[in-house]
Amino acid sequence: MRHEQIETNSGLLIALTLVVISIGGLVEIVPLFYIEETIEEVEGVRPYTPLELLGKDIYQREGCYLCHSQMIRPFRDEWLRYGHYSLAAESRYDHPFQWGSKRTGPDLARLGGKYSDAWHVQHLTAPRSVVPESIMPNYPWLLENDLDYSDVADRMRALRKVGVPYSATDEGYRANVERHGPELADQLDIAQAEDSLLAQAKSANFDGLAGRITEMEALVAYLQVLGTMVDFSQYDEGYFAEFR
Amino acid sequence: MSDQNKVKPTAPAVQTTGHAWDGDLQEYNNPLPRWWLWSFYGTVVFAVLYWFMFPAWPVGDGWTRGVTTASVIEQGQTVDRPWNTRYQLIAEMQTGDAALRQRAYAEQISSASFQEILDNPEMMAFARSVGRGLFGDNCAACHGSGGQGVVGLFPNLADDAWLWGGTPERIHETLIQGRNGYMPAFGGVLNPSQLTDVSEYVLSLSGLTQPGEAVEPGREIFQGPIGGCYTCHTPEGTGLQSLGSANLTDAIWTLVDLPAEASTEAKRDALSAFIAKGVQGNRVMPGWSDRLSPTDLKLLAVYTHQLGGGQ
């Protein structure tokens, strides 16, 4: 009897169970790769600059995502609190994406520009010095540790392998010039990674410390760009709804 | 003996699956309870209906959109669009109950002058409840949930000392364009004893020390070309709202935490240390016109005004 063969052979049972439960997942996930509207067509979304990229890596290292989501859902209350709902396009260069669903603290998807750099530095070092009610941990070492940027080009190369358009060739560079202009194209060029990281840190000085580049520098650079790439005033309200 | 393991011969004839393990271990094959079975069929029917009503199946490079619609207003026309969460959100923001009620108030607010709003209890009640939420989401991180601020970092909005002005109009302007106070660092201009002198004089401006002989050297620095403090803080020391230069004659301190220092000497040292550093670019009040709507900004100006110290 067939039934009995399956039930008495645990290897076969496991294999067949896996086949059955993966069908649901495959039906939901696979079409997203070939349905064109999955990622909205929108201007402005670009890969992170080398400094922002290291900031994102620190964000992941410190586990900020355990308390903070980066995904504003299309509900009225979220719109009123955080701003425009997140687009798939906005996290197209995030590997891994930081959507999350745990909100011990507020969503950070539209954080860029909301607070000053000085506030971020103060808040990350000692949250309760500015928000007495806060339960967020202190991250004092961000200001103590110098940023290790020796491997930033490797990190960009790795991301390039999974489709992030950092340029490694003249052709890629020219494509970035066309898409984002020469200034950004320089920052997205792997060969110039360290130089552009140093230049951005020097001109913006996110950590407020002259002459030093700390981990805080990178993290605040990343936080200040979150959700600022798309200019929503360019689009009708209905435009993004057409993609769903 | 393990009698329990055996199917009792007297038990009513229950079907078993027919399998036996370990020789005599068998499995009943009881029918499912009827309510359970019908609930299950119900979910199957629900799923099929759902496929027709809502976006569901991938087909080619698109998907079935379903027959449910959301009514949205596009260029003044009400049109039906295939339902999805984004169209539903648009419909809710345009014609939802809460949105309509809120809009009625918002329109009233946006066409009223600040004085009219302050005089109208109903509009004030609205400004207070919406303002509280807006303030909590956007301002409390710096100014504190009650607007009390943090000495040295973010000014108190609940007291009646204002750097840039406490009328609703001035607060509104602060919110729209942001503010960034600037005071030069005097550490390289004045030597330590001059810093002490000018601090001594500043203490006397608000009555923390007695004016007299002792403050004369400091007065010269403050009022003369060496310090030039008077150009920003005025000769009286009351400050200029156009520059956001603090009033030095009141008992309210926004940057130097004088009340925390016990002795006059400690207060003077804290002042010297501050005057040596000044304020350069890092005390930023962001501008909000890109993030918040004009009505929200107006509501917040009124809300901030009524926190305690509005002028």
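**Figure 1. A salt bridge between B:D137 and A:R81 in the predicted model.** B:D137 and A:R81 form a salt bridge in which the closest N and O atoms are 3.4 Å apart. B:D137 belongs to helix α5 of chain B and A:R81 to helix α4 (residues 76-82) of chain A, so this pair joins two chains. A:R81 has a relative accessibility of 39% and counts as partly exposed. The rule finds two salt bridges across the interface of chain B and chain A.

**Figure 2. A:E40 and its salt bridges to B:R86 and A:R244.** The side chain of A:E40 meets that of B:R86 in a salt bridge, with 2.9 Å from N to O. A:E40 also forms a salt bridge with A:R244, where the closest N and O atoms are 3.5 Å apart. This second pair links distant parts of the chain, its two residues being 204 residues apart. A:E40 sits in the loop between α2 (10-34) and α3 (50-61) of chain A, while A:R244 sits in the segment after α12 (237-241) of chain A. A:E40 counts as buried because its relative accessibility is 2%, under the 20% cut-off. A:R244, at 27% relative accessibility, counts as partly exposed.

**Figure 3. The interface of chain B and chain A.** The contact involves 41 residues from chain A and 35 residues from chain B. About 3400 Å² of area is buried between the two chains, and carbon and sulfur atoms give 56% of this area. The size of an interface is often given as the accessible area lost when the parts come together. Across the interface, the rule finds 13 residue pairs in polar contact, with both residues at pLDDT 80 or more.

**Figure 4. The side of chain B that touches chain A.** Several elements of chain B each supply at least two residues to this side. The helices among them are α2 (85-95), α3 (97-111), α5 (121-138) and α6 (140-143). The strands among them are β1 (16-21), β4 (62-63) and β8 (279-285). Helix α2(B) gives the most, with eight residues. By residue type, the side of chain B that touches chain A divides into 18 nonpolar, ten polar and seven charged residues.

**Figure 5. A network of salt bridges in chain A.** The network links A:R73, A:E78, A:R103 and A:D107. Within this group, the side chains of A:E78 and A:R73 meet in a salt bridge of 2.6 Å from N to O. A:E78 is buried, with a relative accessible area of 5%. A:R73 has a relative accessible area of 39% and is partly exposed. Over all chains, the count of salt bridges by this rule comes to 19.

**Figure 6. The domains of chain A.** Chain A is divided into domain 1, residues 2-34, and domain 2, residues 50-241. The centres of domain 1 and domain 2 of chain A, taken over C-alpha atoms, are separated by 39 Å.

**Figure 7. The cis peptide bond between A:H95 and A:P96.** Most residues other than glycine have a negative phi, and most peptide bonds are trans. The bond that joins A:H95 and A:P96 is cis, with omega about 0 degrees. A:P96 lies in the loop between α4 and α5 (117-125) of chain A.

**Figure 8. Positive phi at B:Q75 and at B:T234.** B:Q75 is not a glycine, yet its phi is positive, at about 45 degrees. The loop between β5 (69-74) and β6 (77-82) of chain B holds B:Q75. With a relative accessibility of 77%, B:Q75 counts as exposed. B:T234, also a residue other than glycine, has a positive phi near 70 degrees. B:T234 lies in the loop between α10 (230-233) and α11 (264-277) of chain B. At 12% relative accessibility, B:T234 counts as buried.

**Figure 9. B:S293 and B:G60 in chain B.** B:S293 is found in the loop between β8 and α12 (294-305) of chain B. B:S293 is partly exposed, and its relative accessible area is 30%. Along the chain, B:S293 and B:G60 are 233 residues apart, and their C-alpha atoms are separated by 41 Å.

Terms used. Residues numbered from 1 in each chain as written. Chains lettered and ligands numbered in written order. Heavy atoms only, no water. Contact = heavy atoms within 4.5 Å. Buried area = accessible area lost by both parts, 1.4 Å probe. Salt bridge = Lys/Arg side-chain N within 4 Å of Asp/Glu carboxyl O. Polar contact = N/O pair within 3.5 Å; in protein donor to acceptor, adjacent residues only side chain to side chain. Helix = DSSP H or I, 4+ residues; strand = E, 2+ residues; numbered from the N terminus. Nonpolar A, V, L, I, M, F, W, Y, C, P; charged D, E, K, R; others polar. Domains from an automatic or database assignment. Buried < 20%, exposed > 50% of the residue type's maximum accessible area, 1.4 Å probe, protein only.
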